[in-house]
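Take a look at the sequence and the model, then read on.

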Amino acid sequence: MARRKKSTTKKAVKRKKPTLSTQFKCPFCSHEGSVEARLDYDSEVGSLECRVCNATYSCSINYLSEPIDIFSEWIDQCEAEAEQAQNEQPADDEYDDEFGDSRRIRPRLE
């Protein structure tokens, strides 16, 4: 025996698809929402630009790339450059002279 069909059926609720932000906080001037991402899938270039300090970054993208991916690459590159700059600075031993002052030792010209 078959069951009787219900007179009211529940409609499926469509959930909103979460959207990712295309505006981010600038790593240089720290303004919230000032960095805007633009993705050009035809030319495979993604770019970020700060409207306040005009800092820019661009990189190659593919069809899976999202704005957060480009922003993450920018942050990673900034951290790598800061670490590299920190490693290039001379050690404190080169700055100490005979009096214990922290001045750069200059070679004597005779």
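The protein chain has an accessible surface of about 10200 Å², and 47% of that belongs to carbon and sulfur atoms (Shrake-Rupley method with a 1.4 Å probe). This is a predicted model: local features need pLDDT of at least 70, side-chain atom pairs count only at pLDDT 80 or more, and totals for chains, interfaces and linings use all residues. Residues are numbered from 1 along each chain as its sequence is written, and side-chain values use heavy atoms, with hydrogens and water left out.

**Elements**
- Going from the N terminus, the elements run β-β-β-β-α (DSSP runs: helices are H or I with at least four residues, strands E with at least two).

**The sheet**
- Four strands form an open sheet in the order β1-β2-β3-β4, with antiparallel pairing (a pair needs at least two DSSP bridges).
- Its edge strands, β1 (23-24) and β4 (56-60), each pair on one side only.
- Six bridges join β2 (residues 35-40) to β3 (residues 45-50), and R38 has S47 in β3 as its bridge partner.

**The core**
- The largest nonpolar core has 13 residues, with V35, L48, Y57, I70 and W74 making the most contacts inside it (such a core is a set of buried Ala, Val, Leu, Ile, Met, Phe, Trp, Tyr and Cys residues joined through side-chain atoms within 4.5 Å; buried means under 20% relative accessible area, with a 1.4 Å probe and protein chains only).
- Helix α1 gives the largest share of this core, three residues.
- Beyond its neighbours within four places in sequence, Y57 is in contact with residues including L48, I70 and W74 (contact means heavy atoms within 4.5 Å).

Technical notes: Buried means under 20% relative accessible area, exposed over 50%, partly exposed in between (1.4 Å probe, protein chains only).
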